[in-house]
Amino acid sequence: MIPIVSVVGRSNSGKTTYLEKLLKEIKKRGYRVATIKHHCHDFEIDQPGKDTWRHAEAGADVTVISSPHKMALIEKVEKEKNLDEIAELIQNVDLIITEGYKKGNKPKIEILRKAVSDDLVCPPEELMAVVTDVDLNLDIPCFSLEDAVGLANFLEMKVLKPAKNI
């Protein structure tokens with residue numbers, strides 16, 4: 001099973017910015033990574049008037065666009081799929097990192113930025129680490145907002161290498 005880690009935090013805390021740094025560091029080490037972004041509202045990735053949009057408008061329940069370099073699958077759903085159902089669709093990666101899913105049951109890394117809040121959104125017992133510019137007195141590892149290398153080392157030791165031994 002592919003390990004899943006969720007990056008969580010308040011809106012505008014810097015989750016995406018930090019995740020970009022972390023992804024670059026993990027990729028430099030040769031790992032294959034998938035990301036899943038949780039969005040609370042409806043979204044549209046297909047552009048009106050384009051072929052796949054027209055297919056969906058005509059009634060297709062699943063639309064796939066494929067090229068020699070990428071592929072996208074768009075599926076209409078009756079209800080939101082849970083994280084495990086989405087993760088089952090992903091193959092050939094060493095790690096899945098989500099952005100969001102703060103109420104989920106996967107290991108979480110919280111991004112806490114003083115300019116946004118001094119309080120965690122998750123109870124500390126649900127967190128495997130915190131990335132912050134706030135001084136916290138916690139019994140879990142804390143990394144600075146600039147320390148993607150340190151968190152990548154931590155993930156490699158705690159998540160990636162143990163998963164390879166399974």
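Modeller: A residue is called buried when its relative accessible area is under 20%, exposed when over 50%, and partly exposed in between. The structure discussed here is a predicted model.

Colleague: Which residues are exposed on the other side of α1?

Modeller: The buried residues of α1 are K15, Y18, L19, L22, E25 and I26. Seen down the helix axis, these buried residues fall within an arc of 125 degrees, so they line one face of α1. On the other side of the helix, the exposed residues are K24 and K28.

Colleague: What covers the buried residues of α1?

Modeller: An α-helix has 3.6 residues a turn, so residues three or four places apart point the same way. In α1, the buried residues line one face. The elements covering them include β1, β2, β5, β6, β7 and α4.

Colleague: Is T17 buried, partly exposed or exposed?

Modeller: T17 is found in helix α1, which spans residues 15-28. Its relative accessibility is 44%. Because this value lies between the cut-offs of 20% and 50%, T17 counts as partly exposed.

Colleague: What distance does α1 reach from its first C-alpha to its last?

Modeller: Helix α1 has 14 residues. At 1.5 Å a residue, the expected span is 20 Å. The reach in the model is close to that expectation, at 20 Å.

Colleague: Which helix holds the residue E156 that forms a salt bridge with R29?

Modeller: In the salt bridge between R29 and E156, the closest N and O atoms are 2.8 Å apart. R29 lies in the loop between α1 and β2, and the pair ties together parts that are 127 residues apart in sequence. E156 is buried, with a relative accessible area of 15%. The helix that holds E156 is α4.

Colleague: Which residues do salt bridges with shared partners join into one network?

Modeller: R29 also forms a salt bridge with E25, where the closest N and O atoms are 3.0 Å apart. R29 is partly exposed at 24% relative accessible area, whereas E25 is buried at 11%. The network joined through shared partners consists of E25, K28, R29 and E156.

Colleague: What is the angle between the planes of the aromatic pair F143 and F154?

Modeller: The structure holds 1 aromatic pair, and F143 and F154 form it with 5.8 Å centre to centre. The pair links distant parts of the chain, with F143 in strand β8 and F154 in helix α4. F143 and F154 are buried. The pair is tilted, and the angle between its planes is 55 degrees.

Key:
Residues are numbered from 1 along each chain as its sequence is written. This is a predicted model: local features need pLDDT of at least 70, side-chain atom pairs count only at pLDDT 80 or more; totals for chains, interfaces and linings use all residues. Side-chain values use heavy atoms; hydrogens and water are left out. Rings of Phe, Tyr and Trp (its six-membered ring) pair if their centres lie within 6.5 Å; planes under 30 degrees apart count as stacked, over 60 as edge-to-face and the rest as tilted. Helices (H or I, at least four residues) and strands (E, at least two) are DSSP runs, numbered from the N terminus. Buried means under 20% relative accessible area, exposed over 50%, partly exposed in between (1.4 Å probe, protein chains only). The expected span of a helix is 1.5 Å times one less than its number of residues. The arc is that of the directions from the helix axis to the C-beta atoms. Contact means heavy atoms within 4.5 Å. A salt bridge is a side-chain nitrogen of Lys or Arg within 4 Å of a carboxyl oxygen of Asp or Glu.
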